[in-house]
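Thanks for coming, everyone. Please have a look at the screen, and then I'll walk you through what I found.

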Amino acid sequence: MRKNNRIPLSPCLRRFRFYFDLLGRTTKDYLFFTDLQENLVMVSPNMVNDFDLPGEIMYDFDTYWLPLVHPEERGPYQASISKTFASQGPCEHNMEYRVKNRKGEYAWISCRGRVGLDRDGKPSMFVGTMSRMAQRNQADEVTGLLNKYQFEHAVKLALAQYRATGEGGAIMVLGLDNFKIINETYNRMTGDMVLRRVADLLANVIPPPLTLFKLDGDEYAFIYPGGTTEDVAEIFASVQSALSRPQDIDGHQYFCTASCGTVFYPESGKDYLVLHKHAEAAMDIAKREGKNRNVLFSKEQYNRWVRSISMRDSIWESVENGCVGFSLFFQPQVSAEEQKLIGAEALLRWKNPKGRMVAPMEFIPILEETKLIIPVGKWIVEEAVKVCKKWRRYVPDFRVSINMSYEQIKDLSFKDFVAECLERYDMPPESIILELTESKIVADWSFINKQFDAFRSQGIAIAMDDFGTGYSSLASLKNLSCDIVKIDREFVKKILENDFDRRLVQYVVDLCHSIGIYCCIEGVEEEAEYELLTKECKADAIQGYLFGHPESVADFEEKFLLGNSGD
Ligand code: C2E
Ligand code: CA
Ligand code: CA
């Protein structure tokens, strides 16, 4: 709103008012005209309105303007103005800085002004324009930080600097973790406040004179010419500590962390698009690896990331089409003493749309990360139960072991699904064993135990898989209620030449037996290993290439079941 203004115009201002008003109608920029002798400033109405100034004509303009200038740019602003006014000849003030607008938000403006001299050569007027950089696509509307176009420009300048001086550096792109949840839980306005608060926190931790930029969405970035791995680690540690304090925004307490991707130039790219792409990829990897961390770009990791992205799409498609491309292979398990077939472990296989078999180590992490393991896991249970029913015709007590991911345990509908599936196929609970990898269950014992107990009370056995590969195997054994322990191949590998490993297996089996746990040894490849494991270590069951590789249903039937009808 335009305010009343009773200050009389100076003769100098009166002379130019007409042109000033006329000019004001031709542009969206802000105009200003200063009578330096009278210390009187005339500004355009849009400037009064946008910055809530007392009027179009003001004495001592800087008493109003300076408090609005962002504290970081106040010093440089004053220095530039003093230099301009002190000059003896015509001199230009040309600066970009942030000014707080009527809404209390900082907006970037670009100001250009020139000092005019009177007939005696003394500075008499200062005239110029200011433009809002957001209008010219330069500043981010929400935070007032320079935007992605300015970031691009700055990266190009840094690369030009590198070409001129040989000095490379680092580019860090930071993305907020779970920002979507803040937007969804509250509203966009709160989300914007969070973005502004984070912008302030980040601006405080990056060392001057580095500039913070705001990219799309919840991402920020800055360039660190000369920045080393140590510098980058130090900055990220400061970011983490700045964000570790809970923030109070609009009456809501919230925590947010950031994931960061760092690229070094020229090592990881000599071109803006490449560097930006690599930094974004590194940030995405940081998020996938658990968030709240900084990942330094590497080519190998990037190639893996690209492969996993395209694999992700194909996996989605497979699942959407009813798990087409997935199949189960089965690996026989035999009783240690008699070498009788007692069951099989169901192992998931996936053929990509080009028909190539992809290793489980590659596609299972993707299923887990996308939570697609939940529908696929149900499909696995159903297929495994069906197959088990069929094979019980040959081996009446046949048991099928099914691998379970931690994600599935967390899904509380899984338990009911398993029970319902057994009922549907009229199969007893003893026909399946659920395996969970020991290395994944270090945390959250009480929750996992509760889930395990729920299965066990239904009569479904639980196996602790890959025993010995986690951080605290013995602690898992002590704290988890399971029926079977599967000792990992890691131990078996060295059992023949290493007395310690042999004794270790022997003790673990003994310990398990003393508390009523059944022991299956995995990865047995040689006859000598088998001999030692059964005779000395007293294992209960064996699974390994010595007795059979994982096979398709048809091959398994042909190799291990046909001609083996129940005896
Ligand atoms: P795992 O559960 O430990 O499965 C045993 C792995 O050891 C299988 O690899 C099997 O082929 C391999 N193996 C068996 N005997 C021998 C041997 O004598 N020597 C050697 N060197 N290896 C042997 P596979 O099929 O590649 O599966 C790898 C992992 O993928 C599995 O390890 C399991 O963690 C995961 N996985 C497989 N199927 C499923 C599934 O249906 N659901 C879930 N959640 N994970 C699965
Ligand atoms: Ca397993
Ligand atoms: Ca295993």
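**The shell around ligand 1**

Strand 15 gives the largest share of the shell around ligand 1, with four residues. Keep in mind that this is a predicted model. So where does the rest of that shell come from? Let me go through it.

The elements that give two or more residues to the shell are strand 15 (341–351), helix 11 (360–369), strand 17 (399–404) and strand 19 (461–467). In total, 22 residues surround ligand 1. The closest are Gln 331, Leu 348, Arg 349, Glu 525 and Tyr 545.

Now the polar contacts. Ser 405 has a polar side-chain atom 3.0 Å from a nitrogen atom of ligand 1. For Glu 525, a polar side-chain atom lies 2.6 Å from a nitrogen atom of the ligand. Asp 465 reaches an oxygen atom of ligand 1: an N or O atom of its side chain is 3.0 Å away. How much of ligand 1 does the protein bury? Taken alone, the ligand exposes 790 Å², and the protein buries 82% of that. The space that ligand 1 takes is the largest pocket.

Hold on to Asp 465.

Start with the calcium ion that is ligand 2. Which residues coordinate it? They are Glu 345 (OE), Asn 403 (OD1), Glu 435 (OE) and Asp 465 (OD), at 2.1 to 2.3 Å. Along the chain, the donors of ligand 2 follow the spacing E-x57-N-x31-E-x29-D. Take one pair from that set. Asn 403 sits in strand 17 and Glu 435 in strand 18 (residues 432–437). These two are 32 residues apart, and the pair links distant parts of the chain.

Next, the calcium ion that is ligand 3. Asp 465 (OD), Asp 466 (OD), Glu 522 (OE) and again Glu 522 (OE) coordinate this ion, at 2.2 to 2.6 Å. The spacing of the donors of ligand 3 reads D-D-x55-E.

Which residue bridges the calcium ions, ligand 2 and ligand 3? Asp 465 does, and the ions lie 3.8 Å apart.

**Backbone details**

I picked out a few spots in loops.

First stop, a pair of prolines. A cis peptide bond joins Pro 208 and Pro 209, with omega about 5 degrees. Pro 209 is in the loop between helix 7 (188–205) and strand 8 (212–214).

Next stop, Tyr 265. The peptide bond from Tyr 265 to Pro 266 is cis, with omega near 5 degrees. Where is Pro 266? Look in the loop between strand 12 (258–265) and helix 9 (272–288).

Phi of Lys 291 is near 70 degrees, a positive value in a residue other than glycine. Lys 291 lies in the loop between helix 9 and strand 13 (294–296).

Note on methods. Residues numbered from 1 in each chain as written. Chains lettered and ligands numbered in written order. Predicted model: local features only at pLDDT ≥ 70, side-chain atom pairs only at ≥ 80, totals over all residues. Heavy atoms only, no water. Near = heavy atom within 4 Å. Polar contact = N/O pair within 3.5 Å; in protein donor to acceptor, adjacent residues only side chain to side chain. Areas by Shrake-Rupley, 256 points an atom, 1.4 Å probe, with all protein chains shown as cover. 1 Å grid on protein atoms, 1.4 Å probe; cavity = no way out; pocket = protein on both sides within 12 Å on 5 of 7 lines; lining within 4 Å. Sits in = over half its atoms within 2 Å of the grid points. Donors = N, O, S within 2.8 Å, 3.2 Å for Na, K, Ca; no water.
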